[in-house]
Every structure is written in C-alpha cells, then in structure tokens.
Amino acid sequence: MMQNNIKIAITGGIGSGKSSVAQLIRELGYTVLSCDEIYSELLQNNNFLSVLEKEFGGVIADDGSLDRCKLSELVFNNKDALTKLNSITHPAIMKEVFSKLQRERIGFCEVPLLFENGFEKLFDEVIVVLRDESERIKSVSLRDGLDLECIKKRLYVQIDYQNYTFTKYYVIHNDGNLSELSAKTAEIIKKLEKKYF
C-alpha cells in the first residue's frame with residue numbers, strides 16, 4: 001500500500017550511533033533532519049532568543065547570541081527551570097521538524113530524548129539504535145572529551161536503554177563495525193519501503 005508523508009524518528013541513547021545511522025539513511029537518498037541542527041537554526045532567530053531572555057534573563061551575550069554556558073548553569077541544577085526550557089524549545093523544534101517533513105513522501109528525523117518527551121506518538125515509525133553502555137561511554141568520551149561523571153549525568157536523564165522494551169519499533173543493534181551497521185540500516189529501510197511503497 002502506497003502512503004505519503006510518512007514520518008520516521010531515529011533515536012537512541014547518547015553514544016549509541018544514531019547519527020551514524022542517520023547519515024547512512026541520507027546516503028540511501030532520504031531526507032534526514034536533526035533536532036540538534038534545527039535547535040541551532042532556532043538560535044539564529046531573534047524572536048526565539050527574545051523568548052529565552054524574557055524567561056531566564058541574562059542569557060544573551062553581548063554579540064546578541066545565546067550564552068549557552070549561562071543557560072546551562074541556570075537549568076542544570078534547577079529541575080523547574082529545565083522543565084520550563086524544554087516546554088519552550090521542544091514544541092518549537094517539533095513544529096519546524098513537521099513543517100520540513102511535510103514535503104517528503106518518507107522523511108526521517110534524528111530525535112534525542114524521543115521517549116523521555118513522549119514524542120514517539122508523533123511519528124509513524126521509530127528506529128531505535130542500541131549499543132552496549134560501556135561502548136557508548138567510550139564513544140562519547142572520545143567524541144566530546146568528557147569525563148566519566150559528566151557522561152553518566154547525561155546517561156541518567158535518558159531512559160534505561162539496556163532494560164527498555166522496544167518490541168513495537170525497528171531496532172538496530174550497533175555492536176559491530178560501520179559496514180555491519182550499514183547492512184543493518186539498509187535492511188530496516190527495505191522493510192519500511194516494502195510496508196509503505
């Protein structure tokens with residue numbers, strides 16, 4: 001059965017390899033958006049920055065850009081402030097995602113914290129990238145130069161990917177090399193194409 005405007009989320013814990021999967025899907029010819037990139041675009045929008053300044057105060061640098069360090073300091077240890085920030089940023093990001101994806105027959109978006117925010121309900125399908133936690137920690141350490149304590153803080157704001165049930169979703173186990181990851185990704189895409197084309 002042919003359907004149009006199918007929206008598919010790609011998610012996984014920090015260091016799982018979801019960005020690699022997103023890139024592999026791009027190479028197969030599909031549009032793949034990134035919530036992180038859309039957030040960066042929003043930070044170039046003066047109206048959006050004004051909302052953040054009004055809510056948090058003192059988070060705009062002298063050059064007019066967002067002072068990310070200052071905003072992080074404000075929300076990092078304040079749950080209410082973090083909830084408020086998420087209530088501003090997440091709807092704005094999702095609005096942009098769906099505006100851009102509506103032109104696609106099948107479109108993908110890399111979405112961190114998908115399950116944590118209940119966003120899985122907004123998508124037709126979800127691809128979950130799973131990887132052993134020790135490998136994820138190693139990957140993030142190499143990529144971002146963060147220490148173990150800092151990485152673990154980020155892990156703990158996410159769902160427990162090791163013990164969560166993903167039977168309703170397409171799962172990619174990132175437990176080999178890039179060639180193996182590419183083959184697994186292509187297999188999932190074939191299943192999706194068969195379902196929707």
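Q: Start with strand E3. Are its residues buried or exposed?
A: In this predicted model, five of the five residues of E3 (residues 106–110) are buried, so the strand is largely enclosed by the rest of the structure.

Q: What covers which face, residue by residue?
A: Ile106, Phe108 and Glu110 are on one side of E3, Gly107 and Cys109 are on the other, and all are buried.

Q: Which way does E1 run against E3, parallel or antiparallel?
A: E1 (residues 6–12) pairs with E3 in the parallel sense, over five bridges. Within that pairing, isoleucine 6 is opposite isoleucine 106.

Q: And how many bridges join E2 to E3?
A: Four, and E2 (residues 31–34) runs parallel to E3. Threonine 31 has glycine 107 of E3 as its bridge partner.

Q: Moving to E5. Which side chains there are buried?
A: Tyr170 and Ile172, which point to one face of E5 (residues 170–173).

Q: What about E4 and E5, how many bridges?
A: Four bridges join E4 (residues 125–130) to E5, and the two strands run parallel. Valine 129 sits opposite isoleucine 172 of E5.

Q: Where is asparagine 174?
A: Asparagine 174 is in the loop between E5 and helix H8 (178–196).

Q: Buried or exposed, that asparagine 174?
A: Buried, with a relative accessible area of 11%. The cut-off for buried is under 20%.

Q: What does the side chain of asparagine 174 have as a polar neighbour?
A: A polar atom of that side chain lies 2.8 Å from the backbone oxygen of serine 16. Leaving aside neighbours within four places in sequence, asparagine 174 is in contact with Ser16, Gly17, Val129, Leu130, Arg131 and Leu181.

Q: New topic. How many residues are in the largest nonpolar core?
A: The largest nonpolar core has 36 residues, and Leu52, Phe56, Val111 and Phe115 are those with the most contacts inside it. Helices H2 (35–42), H3 (46–56), H4 (68–76) and H5 (79–101), along with strand E4, each supply at least two residues of this core.

Q: Which of those gives the most?
A: H5, with eight residues.

Q: How do the axes of H4 and H5 cross, at what angle?
A: The axes cross at roughly 125 degrees and come within 6 Å. That makes H4 oblique to H5. On the H4 side the contact is made by Leu71, Leu74 and Val75, and on the H5 side by Ala81, Leu82 and Leu85.

Q: Last one. Where is glutamate 120?
A: Glutamate 120 is in the loop between E3 and E4.

Q: Glutamate 120, buried or exposed?
A: Buried, with a relative accessible area of 16%. Neighbours within four places in sequence aside, glutamate 120 is in contact with Leu114, Phe115, Val126 and Tyr169.

How values were computed: Residues numbered from 1 in each chain as written. Predicted model: local features only at pLDDT ≥ 70, side-chain atom pairs only at ≥ 80, totals over all residues. Heavy atoms only, no water. Buried < 20%, exposed > 50% of the residue type's maximum accessible area, 1.4 Å probe, protein only. Pairing = 2+ DSSP bridges. Polar contact = N/O pair within 3.5 Å; in protein donor to acceptor, adjacent residues only side chain to side chain. Contact = heavy atoms within 4.5 Å. Core = buried A, V, L, I, M, F, W, Y, C linked by side-chain atoms within 4.5 Å. Axes fitted to C-alpha atoms, helices over the stretch in contact; angles between N-to-C directions. Parallel < 35°, antiparallel > 145°, perpendicular 65-115°, else oblique.
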